Amino acid sequence: MPATSSLPFGNSSSMSSSAPVTDIGDAQQGALRTKPALCLSGGGYRAMLFHLGSFWRLNELGWLPKLDRVSSVSGGTIAAARRLASHISILGGIVFPGTTISEKVVAAYQKHLFGKASLQSLPDPASGAPRFVFNASSVQTGALVRFSRDYVADYRVGSITKPGALARISLAEAVAASSAFPPFLSPMILDVDPSDFETEGRADLQELPYTTEMVLTDGGVYDNLGLETVWKNYRTVLVSDGGGKMDSEPAPKRDWARHMYRVFNLVDNQVRSLREGTPFR
């Protein structure tokens, strides 16, 4: 994000609720951060393994210590948590309606990886560590929801920056929201308090029920490359793209489940192609 703004949304003066993304003006070029940012895409198990290889190679080349930000989505967010797969039962979430699958995923993350860690357990960028941003998508607003050490933000609802509020949001919940792949792992419901939100002029939906319950799905639904939080803020952006390219299918399946899956992949493929064509400067 631009060094000229302390808000997690960037430069609010050049944005409106109807246009959350704007081009980089010439005056902003000098404000771009010089240290590199790393984006980790979604893509399930394939992406998790792919990113591990990327980490290995980036470390060999000496790039990991240079990173200023790591922006991740879905499989990228859980790249370091691949061993949890055997502990998460999708079928269990379907068969037992008393507990949602997202609650099972959160419980698994807490038990096997994160424990009671909150967002504020993430490394502090003030100490020289990179800022980690876990991206989810809001089913309510259609916007990106960003989880980081110092904020949770949806540009239409506003941002949560109070330390006490962030301490109540577990790291497990943030990772589960980022990786809530639909339809089986989605939605992820996050309960919040209206008093936790900062007042911001651009937040046109800072009202009930948006400020009491966040209904979230996989970050890849909005941006499967994790580019949104970095591409207008850094001169150097590294993208580890572990998503698969959609192949042609001469005889696509016609039952509703497999047809829906094929159509979902088609939409995802188009969005990713547009993101890959982003005019970096």
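Strands S3 and S4 form a hairpin with five residues between them, and in the turn glycine 142 has a positive phi of about 75°. Helices (H or I, at least four residues) and strands (E, at least two) are DSSP runs, numbered from the N terminus. Before we go on, please note that this is a predicted model, in which local features need pLDDT of at least 70 and side-chain atom pairs count only at pLDDT 80 or more, while totals for chains, interfaces and linings use all residues. Residues are numbered from 1 along each chain as its sequence is written, and side-chain values use heavy atoms, with hydrogens and water left out.

Let us stay with S3, residues 131-138. Seven of its eight residues are buried, so the strand is largely enclosed by the rest of the structure. Buried here means under 20% relative accessible area, exposed means over 50%, and partly exposed is in between (1.4 Å probe, protein chains only). S3 has several pairing partners, where two strands pair if DSSP finds at least two bridges between them. With S4 (residues 144-147) the pairing is antiparallel over four bridges, and phenylalanine 134 has phenylalanine 147 as its bridge partner in S4. S2 (residues 69-73) pairs with S3 in the parallel sense over five bridges; there, valine 73 stands opposite asparagine 135. S8 pairs with S3 in the antiparallel sense over three bridges, with leucine 216 of S8 as the bridge partner of serine 138.

Not counting residues up to four places away in sequence, asparagine 135 touches residues including Ser72, Val145, Ser178 and Gly226, where contact means heavy atoms within 4.5 Å.

Next comes helix H5 (residues 171-178). Eight of its eight residues are buried, so H5 is largely enclosed by the rest of the structure. What covers them includes S2, helix H3 (101-114), S3, S4, S7 and S8.

That brings us to the largest nonpolar core, which has 33 residues; Leu119, Phe147, Val152 and Leu216 touch the most other members. Such a core is a set of buried Ala, Val, Leu, Ile, Met, Phe, Trp, Tyr and Cys residues joined through side-chain atoms within 4.5 Å. H5 gives the most to this core, with six residues. Apart from it lies another core, of seven residues, among them Cys39, Leu227, Val230 and Val237.

Now for a loop: threonine 212 lies between strand S7 (188-191) and strand S8 (213-218). At 28% relative accessibility, threonine 212 counts as partly exposed. Its side chain reaches the backbone oxygen of proline 209 at 3.0 Å. Threonine 212 and aspartate 191 are 21 residues apart in sequence, yet 5.9 Å apart in space, C-alpha to C-alpha.

Finally, a word on confidence. The chain averages a pLDDT of 81, and 75% of the residues score at least 70; pLDDT is the predictor's confidence in each residue, from 0 to 100. Over residues 10-21 the pLDDT stays under 50, and over residues 83-91 it is below 50.

Key. A polar contact is a pair of N or O atoms within 3.5 Å; within protein, one must be able to donate a hydrogen and the other to accept it, and residues adjacent in sequence count only if both atoms are side-chain atoms.
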